[in-house]
Amino acid sequence: MEDVLGRNSLLIILLFFVCGSTCIDAGKTQTAVCIRPGSRCFLRLLTCPPECPMLKPTDPTAKACFADCNSRPCSTRCESRVANCNGYGALCYDPRFVGGDGVIFYFRGKSNEHFCLVSDINLQINARFIGFRPKGRAKDYTWIQALGIIFGSHTFTLEATKAATWDNNTDHLKFSYDGNEVFLPENHLSSWSSPGNNFQLERISSKNNAIFSIPDVMEIAVKVVPVTKEDDKMHKYQIPSNDCFAHLEVQFKFFSLSPHVEGVLGVTYQPDFKNPAKKGVSMPVVGGEDKYRTTSLLSADCKSCLSPPGSRVQQRDMDNGKLDCTGGSLRGNGIVCKK
């Protein structure tokens, strides 16, 4: 019996390190593995349902199988891998946020400036805003053009490249790791991993759709879209003819945020956060430009940012036991601590 248990444990460990949250392919139906430490379903092998039997379907429009790490009983679910603009952690349009509390709000920012989306222990995510101000308008119309991620001592950026007119047959995604451009072939499911596998990138269609992840920390589904003529007419943007303002539609999934997380989006994941967005308003706008503005896409110097990722201050606090590990698991909130 002990020998059988030992072999089973070894199998699970191999599944965890080799496949992450993917794995066994039994014919046409695959098996998902919950790899979120601390979850009640941790390392459980879960069979995918008939409606979405594949973890990474070859059809970009098909729904994929995901392990539901918090379900009772442990189970799998079907979801699109493309960013869902109405889901938790979504940033779309001009820009419209869906917080970790499920509340919808707008954050205008300012064209050609950078703002902190998430600032946490060892993790910083900033956004570059683009836009313009038509004559007679008091504030800029803005969209998110790029994301900058600092994790530990490494950086990663992903951005939408500028386009005068939109062409669905042209890829507008650009990536860099530690200042060096990352080449990702324009093929569905093509992938790239950083040395040590700390950063992972995968296309979920041949062009303009990708998923970026830091295992056990977060996942970002990102899509490049233009401001269309229909959008321009509906919202009266007055878009110039030489720029379609290609921008990002993004959805974040977080697995290990601390209770003290900050940032325009990050603060909505705090356990006791009270969202200032006014209820019943069609476009509730929240402020915070001053406290969340950063000097660049890869800076952690906003007024409300936590200590820069990887700093000695953070390491000292962790070594002295000052890190608060009491965060709950709601919406992926709460950091996993080991004694």
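Visitor: How many strands form the open sheet, and in what order?
Guide: In this predicted model, 7 strands form the open sheet, and their order is 14-13-12-11-10-9-20. The pairing is antiparallel.

Visitor: Which strands are at the edges?
Guide: The edge strands are strand 14 (180–182) and strand 20 (293–294). Each of these pairs on one side only.

Visitor: And how many bridges join strand 10 to strand 11?
Guide: There are 10 bridges between strand 10, residues 123–132, and strand 11, residues 141–151. These two strands run antiparallel. As an example, Ala-127 has Leu-147 in strand 11 as its bridge partner.

Visitor: What about salt bridges, how many are there?
Guide: The count comes to 13 salt bridges. One of them links Arg-133 with Asp-140, where the closest N and O atoms are 2.9 Å apart.

Visitor: Is Asp-140 buried or exposed there?
Guide: Asp-140 counts as buried because its relative accessibility is 10%, which is under the 20% limit. Arg-133, at 44% relative accessibility, counts as partly exposed.

Visitor: Which residue does Glu-202 meet in a salt bridge?
Guide: The side chain of Glu-202 meets that of Arg-81, with an N to O distance of 2.9 Å. Glu-202 lies in strand 16 (residues 200–203) and Arg-81 in the loop between strand 5 and strand 6 (90–92), so this pair ties together parts that are 121 residues apart in sequence. Both Glu-202 and Arg-81 are buried.

Visitor: And Asp-68, what does it form a salt bridge with?
Guide: Asp-68 forms a salt bridge with Arg-77, and their closest N and O atoms are 3.9 Å apart. Asp-68 is partly exposed, with a relative accessible area of 22%. Arg-77 also counts as partly exposed, at 28% relative accessibility.

Visitor: New topic: which peptide bond is cis?
Guide: The peptide bond from Arg-72 to Pro-73 is cis, with omega near -5 degrees. Pro-73 lies in the loop between strand 4 (64–68) and strand 5 (75–79).

Visitor: What is the phi of Leu-43, and where does Leu-43 lie?
Guide: Leu-43 has a positive phi of about 65 degrees, although it is not a glycine. Leu-43 lies in the loop between strand 2 (29–33) and strand 3 (45–47).

Visitor: And what is the phi of Asp-216?
Guide: Phi of Asp-216 is near 70 degrees, a positive value in a residue other than glycine. Asp-216 lies in the loop between strand 17 (209–214) and strand 18 (218–225), and at 31% relative accessibility Asp-216 counts as partly exposed.

How values were computed. Residues numbered from 1 in each chain as written. Predicted model: local features only at pLDDT ≥ 70, side-chain atom pairs only at ≥ 80, totals over all residues. Heavy atoms only, no water. Pairing = 2+ DSSP bridges. Helix = DSSP H or I, 4+ residues; strand = E, 2+ residues; numbered from the N terminus. Buried < 20%, exposed > 50% of the residue type's maximum accessible area, 1.4 Å probe, protein only. Salt bridge = Lys/Arg side-chain N within 4 Å of Asp/Glu carboxyl O.
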